[in-house]
Amino acid sequence: FMLYRLQPVMRRLDTDRVNLIGLLGSVEDVMSFLDITERNEICSGDLQFKSLQRGITFESVNFSYNTSERPALQDISFFIPRGKTTAIVGPSGAGKSTVIGLICRFYETEYGEISVDNYPLRKFNLSSWRSRIAIVSQNIYIFNTTVGENIAYGRLDATKSEIIAAAKKASAHEFISQLPEGYDTIVGDRGIRLSGGQKQRIALARAIVREPEILILDEATNALDSLSENFIQEALNSFSQNRTVIVIAHRLSTIKQAEQIIVLQEGKIVEQGNLQYLLKLNGLFAKLYNLQSGSAL
Ligand code: ATP
């Protein structure tokens, strides 16, 4: 069973808890499953995070999971601009999930600094920061309950109309409306089984209903049928207008749409730019791209 890859800390926990963790879309919910000692190591500041004005800056960031090993990230500097889509790509073990883990503050940087709108990230109150981030992970958990409630797990006080609005934005409304009892249809193992693409759209709706300031997507590596892929792409296209989206990207369609692509290899940034630029560069990105005949990285 695939563990929730954004949080290697979680690998120590048992599978059931890991299953539960991947589902909610909120960093805070995810963290509440972690043991207290782990949380207390992360300091929380006084600044209340409300909205992103400029963006997130990594400045010479280094991070090691274990001091005896090669650092997972070495001297990483880049800027994630507000309102744009940034794709992070690279081979397995390159450090993509670690970048996300640092942004969510699962870990502290060793050297270097991450700042948000010119303030060090650690000066912000932890939960005010995390509550404005939504994560769509590779692991999508569908509860044995109604589709509507499955979406509302993103925000328990969401109203019916907010749930429908989120589903529409996630290109899920149409298929949900065609289910026998619409939003009241029971899904999951004991109800109607959803396809992989439908599950992804539910997960996206769950994240959207939170109205996050920052949306983080950990894109699945497994192939979706092209219809589902189109639906998800459409949803992302419209959602990401003027939103800050950070995506660990594998699909070419996602990468194409990103304003910025960061290419990581062995913990370092090796290339950075948009698709045209990176293809012209004819380096690692172009190699990965051509190897996969342009379909996925
Ligand atoms: P993948 O695409 O396979 O998920 P990735 O690019 O997301 O890879 P990371 O998961 O960030 O890469 O891992 C970067 C490096 O840190 C790798 O060498 C990995 O083995 C190591 N690493 C990741 N998590 C841990 C952990 N919890 N403890 C020790 N080392 C870890």
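Guide: pLDDT is the predictor's confidence in each residue, on a scale from 0 to 100. This is a predicted model, and its chain averages a pLDDT of 83, with 83% of the residues scoring at least 70. For the complex, the predictor gives an ipTM of 0.97 and a pTM of 0.84.

Visitor: What makes E6 and E10 the edges of their sheet?

Guide: The open sheet in question has 6 strands in the order E6-E7-E8-E3-E9-E10, and its pairing is mixed. Strand E6 (133–136) and strand E10 (268–273) each have a single partner strand, so one side of each is left without a neighbour in the sheet. On average, neighbouring strands here are turned by 20 degrees against each other, direction ignored.

Visitor: How do you know that E9 and E10 pair?

Guide: Two strands count as paired if there are at least two bridges between them; strand E9 (residues 260–265) is joined to E10 by 5 bridges, and the two run antiparallel, so by that cut-off they pair. Among the partners, isoleucine 261 is bridged to glycine 273 of E10, and valine 263 stands opposite glutamate 271. The hairpin of E9 and E10 has 2 residues between the strands, and in it glutamate 266 takes a positive phi near 45 degrees.

Visitor: What makes the pairing of E3 and E9 count, and in which sense do they run?

Guide: Against the cut-off of at least two bridges, E3 and E9 have 4, and they pair in the parallel sense. Isoleucine 88 has isoleucine 262 in E9 as its bridge partner.

Visitor: Which strands make up the antiparallel open sheet, and what makes some of them edge strands?

Guide: That sheet has 4 strands in the order E2-E1-E4-E5. Strand E2 (73–81) and strand E5 (119–120) are its edge strands, since each pairs on one side only. Strand E1 (residues 55–63) and strand E4 (residues 111–116) are joined in the antiparallel sense by 5 bridges, and the bridge partner of isoleucine 56 in E4 is valine 116. Helix H4 packs on this sheet, touching E1, E2 and E4, and its direction makes about 120 degrees with that of E1.

Visitor: Why is H4 called mostly covered?

Guide: A residue is buried if 20 or more other C-beta atoms lie within 10 Å of its own, and 7 of the 8 residues of H4 are buried, so the helix is described as mostly covered. The buried residues are Lys96, Thr98, Val99, Ile100, Gly101, Leu102 and Ile103.

Visitor: What does isoleucine 246 touch?

Guide: Leaving out residues up to four places away in sequence, isoleucine 246 touches Ile80, Thr86, Ile88, Ile100, Ile103, Ile214 and Ile216. Ile246 is also one of the residues that touch the most other members in the largest nonpolar core, which has 76 residues; Ile88, Leu204 and Ile261 are others in that group. The largest share of this core, 6 residues, comes from helix H9 (residues 196–208).

Visitor: Why is arginine 105 called buried?

Guide: The cut-off is 20 or more other C-beta atoms within 10 Å; arginine 105 has 22 such neighbours, so the residue counts as buried. Arginine 105 lies in the loop between H4 and E4, and has a positive phi of about 60 degrees although it is not a glycine. Most residues other than glycine have a negative phi.

Visitor: Is asparagine 118 buried or exposed, and how do you know?

Guide: A residue is exposed if 12 or fewer other C-beta atoms lie within 10 Å of its own; asparagine 118 has 9, and therefore is exposed. Asparagine 118 is found in the loop between E4 and E5, and its phi is positive, about 75 degrees, although the residue is not a glycine.

Terms used: Residues are numbered from 1 along each chain as its sequence is written. This is a predicted model: local features need pLDDT of at least 70, side-chain atom pairs count only at pLDDT 80 or more; totals for chains, interfaces and linings use all residues. Axes are lines fitted to C-alpha atoms, for helices over the stretch in contact, and angles run from 0 to 180 degrees between N-to-C directions. A nonpolar core is a set of buried Ala, Val, Leu, Ile, Met, Phe, Trp, Tyr and Cys residues joined through C-beta atoms within 7 Å. Two residues are in contact if their C-beta atoms, placed from the backbone, lie within 7 Å.
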